[in-house]
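Subject: Structure handover

Hello,

Here is the structure I promised to pass on. Please open it first, then read my notes below.

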Amino acid sequence: MSYYFAIISPLDTPLFEHEFGTSKSGGDGQPRFTDQARHLNQFILHSSLDIVEELQWTNGQLYLKVIDKFFQNYISAFVTASNVKFLLLHQPTTSVPGAAAAPNTATAAASSRVNSTSVGANPTSPQTEEAIKNFMNEAYENYVKAIMSPFYKAPNMEIRSLVFRQRVAAAGRKYL
């Protein structure tokens, strides 16, 4: 599964962007977006901002779960009290790695069974929702620590901290 994470300011400008892949089920942590999809990721996330703004007033929760789907891309959202939006685009893998190369049907079935229970197999399953919620909460904690820096000018300064980027990547490896 590939992920594209973005933090959007209250004025709808990107503050932070990071791409990563799954580290679960033998993943290497590298995103598997095609070049064409990579160019569309920011557009897809920004197009879901209207849905986020509608749901934030009706839901009452910070974590809004999966709010939109664009082809095989799912968008999950988290809104802070200061109206900063955390958006995660997740694209499940469509093919089972190893199943096409496996000549034995028992081996292919075993590898598909392993992947069907993984976090990335079903983007709307409770396990995936819980993993994304934990990732968003940890990213939010790190965001709060980053903006508390006296060198950060809120609300529209881009986050360029390498420590913040490393902590977001570590949270992605930990939960996703």
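N83 counts as partly exposed, because its relative accessibility is 25%, between the limits of 20% and 50%. Keep in mind that this is a predicted model.

N83 lies in the loop between β4 (73-79) and β5 (85-91). Its phi is positive, about 70°, although N83 is not a glycine. Most residues other than glycine have a negative phi.

D12 is another case. Phi of D12 is near 65°, again a positive value in a residue other than glycine. Look for D12 in the loop between β1 (2-8) and β2 (14-21). Is D12 buried or partly exposed? With a relative accessible area of 32%, D12 is partly exposed.

**The overall layout**

The protein has 176 residues, and 42% of them are buried. Its secondary structure comes to five helices and five strands. From the N terminus, the order is β-β-α-α-β-β-β-α-α-α.

**The cores**

The largest nonpolar core has 26 residues. Which of them touch the most other members? They are F5, I7, F86, L88, F135, M136 and L176. β1, β2, β5, α4 and α5 each give two or more residues to this core. The largest share comes from α4, with seven residues.

M136 is worth a click. Leave aside its neighbours within four places in sequence. M136 is then in contact with F5, Y63, S76, A77, F78, F86, L87 and L88. Of these partners, F5, F86 and L88 are also on the list of core residues that touch the most other members.

There is also a second, separate core. This one has 14 residues, including Y4, L45, L49 and L89.

**The α4 and α5 pair**

Next, two helices. α4 covers residues 126-147 and α5 covers residues 162-175. They pack at an angle of about 165°, with their axes 9 Å apart. That angle is over 145°, so α4 is roughly antiparallel to α5. The crossing of α4 past α5 is right-handed.

Which residues meet here? From α4 come A131, N134, F135, E138, A139, N142, Y143, K145 and A146. From α5 come F164, R167, V168, A171, G172, K174 and Y175. The residues of this contact divide into nine nonpolar, three polar and four charged.

**A closer look at R167**

R167 is found in α5. At 39% relative accessibility, R167 counts as partly exposed. Which residues does R167 touch, not counting those up to four places away in sequence? The answer is N142 and K145. R167 and Y143 are 24 residues apart in sequence. In space they are 9.7 Å apart, C-alpha to C-alpha.

That is the handover.

Best wishes

How values were computed: Residues numbered from 1 in each chain as written. Predicted model: local features only at pLDDT ≥ 70, side-chain atom pairs only at ≥ 80, totals over all residues. Heavy atoms only, no water. Axes fitted to C-alpha atoms, helices over the stretch in contact; angles between N-to-C directions. Helix = DSSP H or I, 4+ residues; strand = E, 2+ residues; numbered from the N terminus. Parallel < 35°, antiparallel > 145°, perpendicular 65-115°, else oblique. Left-handed = near helix turned anticlockwise from the far one by under 90°. Contact = heavy atoms within 4.5 Å. Nonpolar A, V, L, I, M, F, W, Y, C, P; charged D, E, K, R; others polar. Buried < 20%, exposed > 50% of the residue type's maximum accessible area, 1.4 Å probe, protein only. Core = buried A, V, L, I, M, F, W, Y, C linked by side-chain atoms within 4.5 Å.
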